There are 2 protein chains.
Amino acid sequence: MSADAGALLRTLGYAFRDPALLDSALTHRSAGGVNNERLEYLGDAVLGLVIAEDLYRRYPQASEGELSRLRASLVRKQTLAELARDLQLGEYLRLGSGELKSGGYRRDSILADALEAIFGAVYLDGGFAASAGLIQTLYAERLQNLPTEPLAIKDPKTQLQEYLQSRHLHLPEYAVVSVRGDAHDQIFEVECHIVALTQTTRAQGSSRRRAEQQAAQQMLEQLGV
Amino acid sequence: MSADAGALLRTLGYAFRDPALLDSALTHRSAGGVNNERLEYLGDAVLGLVIAEDLYRRYPQASEGELSRLRASLVRKQTLAELARDLQLGEYLRLGSGELKSGGYRRDSILADALEAIFGAVYLDGGFAASAGLIQTLYAERLQNLPTEPLAIKDPKTQLQEYLQSRHLHLPEYAVVSVRGDAHDQIFEVECHIVALTQTTRAQGSSRRRAEQQAAQQMLEQLGV
């Protein structure tokens with residue numbers, strides 16, 4: 001059973017006009033009925049904009065690529081799940097019996113989705129400013145602790161290289177698998193291969209460099225780095 | 001040289017308090033100086049939220065997956081480029097001489113990026129409501145012409161199957177390449193292969209089904225469908 005949402009509301013510092021929205025946001029699809037998937041879809045977009053704007057203003061000199069990388073690090077499931085745990089959100093979730101037994105309330109993806117759904121619910125209930133305020137409050141510490149220069153967040157190829165070097169492994173091999181499209185609108189597909197780990201990823205991009213970065217990013221995720 | 005932005009402003013029905021923002025939004029990176037890449041990053045997030053909310057309200061019964069597919073069809077580069085052409089946006093762009101000679105003002109990606117940058121500029125200049133109003137005006141016809149049931153937008157696997165059948169080709173083969181992670185938090189990597197076309201794509205997802213849909217989507221893009 002889920003705990004009373006009253007305590008959660010006090011933690012969030014937001015009072016719902018329509019408490020049914022909060023109920024939906026806390027209901028995993030395994031519980032049946034109206035669940036939080038549609039609100040999560042909306043909340044994901046709200047979060048994306050609020051963080052995008054904060055970073056845009058915080059780093060007037062940062063490039064689009066740097067801002068995108070910073071944002072990705074803040075809105076990923078793992079970060080959301082950490083924030084959800086700080087709120088003890090798991091105690092308020094409504095889950096089906098299968099998920100309850102398997103400890104679903106502790107799972108990153110379920111916690112992250114519920115928090116995004118709450119952002120969507122607050123957006124519908126109180127408008128953009130209310131949801132932006134909540135997100136900024138929850139993210140305050142993480143935003144303040146960001147590197148002074150976004151360049152300190154290394155690009156995926158550099159991260160992957162340093163990870164492999166720290167393990168005394170050979171550097172990854174990148175190879176262009178295919179190039180499609182007109183001369184001015186090409187799509188490159190690139191493979192990233194790590195011989196020692198027999199791991200391969202593939203990714204596409206509008207330049208060889210972008211495709212390589214993307215393939216390196218996928219490799220970092222595949223390796224759980 | 002770019003045309004006077006006054007006519008564009010009248011078309012958009014929005015008056016900038018800070019006209020320098022509009023100038024930046026219309027400046028491609030090839031022109032040097034302050035360009036539209038940061039504004040595009042912001043505008044992409046604004047557009048994502050505005051379309052997400054419109055679809056959320058328009059389709060109260062649609063699933064998160066259906067809403068996401070509809071949204072993807074509305075915010076992709078091709079749709080944005082069509083809207084930009086309706087506005088004759090190409091005439092207002094500032095491009096470097098290389099891009100000018102090669103007809104950069106006609107390119108989908110450059111047009112789409114500039115329109116997203118305008119959304120970002122209006123957001124900064126006039127706030128969320130102003131940018132939402134502009135986006136809803138520009139998208140009005142496309143939003144009204146959406147299918148009554150979002151299910152009419154077929155999922156990528158179905159689209160790919162129908163495309164191949166219409167060309168009397170064998171159906172694609174899907175194969176799980178790897179499964180990683182804990183029992184309750186797995187990542188599936190799936191390969192989609194079309195023998196007759198010697199084309200292969202790979203994608204990841206939190207279920208085999210999602211990874212297959214993603215691989216099919218990449219195949220559709222690779223085939224230019």
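The contact between the two chains takes 26 residues from chain A and 27 residues from chain B. Three helices of chain A, namely α3 (37–58), α4 (64–75) and α7 (108–126), each supply at least two residues of the side that touches chain B. Of these contributions, the largest share comes from α3(A), with twelve residues. Sorted by class, the side of chain A that touches chain B has nine nonpolar, seven polar and ten charged residues. The model described here is predicted.

The arrangement of the copies comes next. Two copies of a chain are related by a rotation about an axis and a shift along it. Here, chain A is superposed on chain B by a rotation of 180° with 0.0 Å of shift along its axis, and the RMSD is 0.1 Å. The two copies are thus related as by a two-fold rotation axis. The interface can be read in the same terms: 100% of the interface residues of chain A are also interface residues in chain B, so the copies meet through the same surface.

One residue of chain A can be followed separately. A:Glu141 lies in helix α8 of chain A, which covers residues 128–144.

Note on methods:
Residues numbered from 1 in each chain as written. Chains lettered and ligands numbered in written order. Predicted model: local features only at pLDDT ≥ 70, side-chain atom pairs only at ≥ 80, totals over all residues. Least-squares fit on C-alpha atoms with pLDDT ≥ 70 in both. Contact = placed C-beta atoms within 7 Å. Helix = DSSP H or I, 4+ residues; strand = E, 2+ residues; numbered from the N terminus. Nonpolar A, V, L, I, M, F, W, Y, C, P; charged D, E, K, R; others polar.
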